[in-house]
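Please read it with the structure open.

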Amino acid sequence: MIKITLPDGSVKEFEKGVSSHDIAMSISEGLARNVLSAKVNGEVWDSTRPITTDATVQLLTWNDLEGKSTFWHSSAHVLAEALEEIYPGVKFGIGPPIDNGFYYDVDLGDQEFGEDDLAAVEKKMLELARNKNEFVRTDVSKADALKYFKEKDDEYKIELIDGLEDGTITFYQQGNFTDLCRGPHIPNTGIIKAIKLMSVAGAYWRGDEKRKQLTRIYGITFPKQKELTEYLEMLEEAKKRDHRKLGKELELFTFSEKVGLGLPLWLPKGTILRERLENFMRKAQVKAGYDPVVTPHIGSKQLYVTSGHYEKYGADSFQPIKTPNEDEEFLLKPMNCPHHCEIYKSKPRSYKDLPVRYAEFGTVYRYEQSGELHGLTRVRGFTQDDAHIFCRPDQVKEEFVKVIDLVLYTFKALGFENYTAQVSLRDPDNKEKYIGADELWERAEREIQEAADERGLSTVAVQGEAAFYGPKLDFMVKDALGRSWQLGTIQVDYTLPERFELEYTGADNQKHRPVMIHRAPFGSMERFVAVLIEHCGGNFPLWLSPDQIAILPISEKYQDYAQELHTTLSEKDIRGFLDNRDEKIGRKIRDAEVMKVPFMLIVGEKEAAEGKVSVRRHGEGDLGSMSIEDFIGHFEQKSAL
RNA sequence: GCCCCCAUAGCUCAGCUGGCCAGAGCAACUGACUUGUAAUCAGUAGGUCGUUGGUUCGAAUCCGACUGGGGGCUCCA
């Protein structure tokens, strides 16, 4: 007999070799039906795998992240099985579960495969699922594993097996399909009731641009048809929040082929929104002791040779701008920091002057690959709410903490609650991708972590995500479709001060090197606005709304009163428009509602006579009539941050 | 840059397996109506069907290339 400890702390005895499924059965049959896999001593196992020692067991169902992963991983195998039946000779790369479903990378040889072909595969998958084939786990030797896939002529699996240790290799079989797989899997394919293949994409084998591109098929499955329907409805809803769609509908921004790819044009309403955000940040920065600076959009090539940007990105970026003078070249600025370094150098600095904080809404240009461009979130020209803090080494942590506070204040003011903080570190295997000495990196990484801890931020460390000159603390927010975007970023940099030979005179009358902190709470105005649009679905907080009010006269007889009202409100910095069209009031209301104008002020005979306005709130309806003063009071209360 | 999908009027879209003048709604313009809480009525104008080669007696429709958009991959100072 062995002892099984369950999550509630209870301990039960079972025969040696009991499976998690059996354990579930001992609790209830219903539970057993829902068990997809189980965490045995912290490791996720098949629910059918025998347990031979004392163990803690946590049963995993659809409600557990790991349960879902198991389900989707198994679904990927069913996808592979279906593909093999329809396209004999297909070779398989990898087929893992992801946040929303799963994919399988396959090599279909010369076969063309497009989205039209998904339906047939989907149908085959459903057929295979209905067979309720069991997933069978077997241990295989490395030699046997290689032999199996050599016979199948699947070079991808062979490469994967080559990287594995003999004695740790397992195969899983369901129906007629056998795959190299660590597992675990669900008991049988019958649990998969609803299947949707979402899309086809190209993906490089092992993520390497230089290797063969495989066909990646994305799909998602559910244990109930209803859940699939709900998921698809959720996607439809998310599409309505897409910033590209809302940006067009609400007349915030546009793109023009003639202007160029990835170069956004801000329309008047979008510009107001953006300027309000900028003013918000300016105010916060003044309070936090920043000094505004302005620098040009281009800089001599030499500036970026010094900073290291040219060496790192020169060839893959916008090419230098030439002048009539030979050998004179300028670059569109990809970052503001080199310019700010030169501002720092404009006069001698004392230790008493530090920290110096230079802030600029600096527009930068980066040549992103065409396939990467995406609405406002990924563009070739954008404006950072940039600032560089030059401080003494002993001030780094304190300054870093202050920046964290600024970022958190910003997020809070704009209602972003679901962000994650990521400590972005070097890729330890590719140190040559970065500049700067090891000990400086280690020190910077330590300081970032300490500062984050001091503010109680829960962080995730991710290797290989650092900037080339230093580690970062990045704030990530998800868009409407669940894709993660980096907004705010804070970076400690010991390297640029070296390269630019920045110094200050210490109390000891010696020259010392300052430390730089790069930071941008919004990240870029473009990306931030995009994520904000999706976050609030176009219903901006009142203080940000491009049009805060719409004045809607009942008929042209009340235009004078409406005009007067418009002027009065403008003087109070309440922004909006007067709808003077020869339309019925219902029509004017509808149009203002569609444009998501927060307040509609309806004025007719009664209002004109009594000096009042009828107030209608977007999405809520008629609030009744009130005096103009009362409305202004109400508005100011609602628009406060 | 690479893989897959898409491209018809300012916007949203219809035009089936190639064959009468390429259509609708909204927006625009003109006129009438002078309006009380989510679309007043009538009329007018607007498209070399993304561009460019080809197949065909005939192409918006089939094929190729290019350009742009979308979903991914790679990349992201």
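## Cavities, a pocket and ring contacts

The lining of the largest cavity is made up of seven nonpolar, two polar and three charged residues. This is a predicted model. The largest cavity has a volume of about 90 Å³. Its lining includes Leu250, Leu252 and Lys269. Gly538, Phe540, Ser545, Pro546 and Asp547 also line the largest cavity. So do Met595, Lys596, Val597 and Pro598.

How many cavities of 30 Å³ or more are there? The count is two. The second largest cavity has a volume of about 40 Å³. Leu440, Trp441 and Ala444 are part of its lining, as are Tyr469, Gly470 and Pro471. Val492, Asp493, Tyr494 and Thr495 line the second largest cavity too. By class, that lining holds seven nonpolar, two polar and one charged residue. Helix α14 (438–454) and strand β27 (484–493) each contribute at least two lining residues. The most comes from α14, which gives three.

| Cavity | Volume | Lining by class |
|---|---|---|
| Largest cavity | about 90 Å³ | seven nonpolar, two polar, three charged |
| Second largest cavity | about 40 Å³ | seven nonpolar, two polar, one charged |

### The second largest pocket

Next comes an open space. The second largest pocket has a volume of about 720 Å³. Its lining counts 29 residues. Nearest the pocket centre lie His73, Leu180, Cys181, Arg182 and Gly183. By class, the pocket lining has 13 nonpolar, eight polar and eight charged residues.

Which element gives the largest share of this lining? It is α3, with five residues. Helix α3 spans 65–86, and at least two lining residues each also come from β5 (43–46), α6 (155–162), β12 (170–174) and β13 (177–180).

### Domain layout

Chain A has four entries in its domain assignment: domain 1 (2–61), domain 2 (66–237), domain 3 (253–536) and domain 4 (549–639). The C-alpha centres of domain 2 and domain 4 are 58 Å apart.

### Aromatic pairs and a cluster

The whole structure contains 30 aromatic pairs. One of them joins Phe92 and Tyr104. This pair is edge-to-face, with 5.3 Å from centre to centre and 70° between the planes. Phe92 sits in strand β8 (residues 91–92) and Tyr104 in strand β10 (residues 101–107), so the pair ties together parts twelve residues apart in sequence. Are these two residues buried or exposed? Phe92 and Tyr104 are both buried.

Elsewhere, several rings gather in one aromatic cluster. Its members are Phe411, Phe416, Tyr419, Phe475, Phe522 and Phe528.

### Charges over rings

Two arginines are placed over aromatic rings. The charged end of Arg380 sits over the ring of Tyr367, 4.2 Å from the ring centre. Arg617 lies over the face of Phe599, at 4.5 Å from the ring centre.

Key:
Residues are numbered from 1 along each chain as its sequence is written. Chains are lettered from A and ligands numbered from 1 in the order in which they are written. This is a predicted model: local features need pLDDT of at least 70, side-chain atom pairs count only at pLDDT 80 or more; totals for chains, interfaces and linings use all residues. Side-chain values use heavy atoms; hydrogens and water are left out. On a 1 Å grid over the protein atoms alone, a cavity is a set of points where a 1.4 Å probe fits but cannot get out, and a pocket is an open set with protein on both sides within 12 Å along at least five of seven lines; lining residues have an atom within 4 Å of a point. Grid points are joined across faces, edges and corners, and a volume is the space filled by probe spheres set on the points. Helices (H or I, at least four residues) and strands (E, at least two) are DSSP runs, numbered from the N terminus. Ala, Val, Leu, Ile, Met, Phe, Trp, Tyr, Cys and Pro count as nonpolar, Asp, Glu, Lys and Arg as charged, and the others, Gly among them, as polar. Rings of Phe, Tyr and Trp (its six-membered ring) pair if their centres lie within 6.5 Å; planes under 30 degrees apart count as stacked, over 60 as edge-to-face and the rest as tilted. Buried means under 20% relative accessible area, exposed over 50%, partly exposed in between (1.4 Å probe, protein chains only). A charge sits over a ring if NZ of Lys or CZ of Arg is within 6 Å of the ring centre and within 35 degrees of the ring normal. Domain bounds come from an automatic or database domain assignment.
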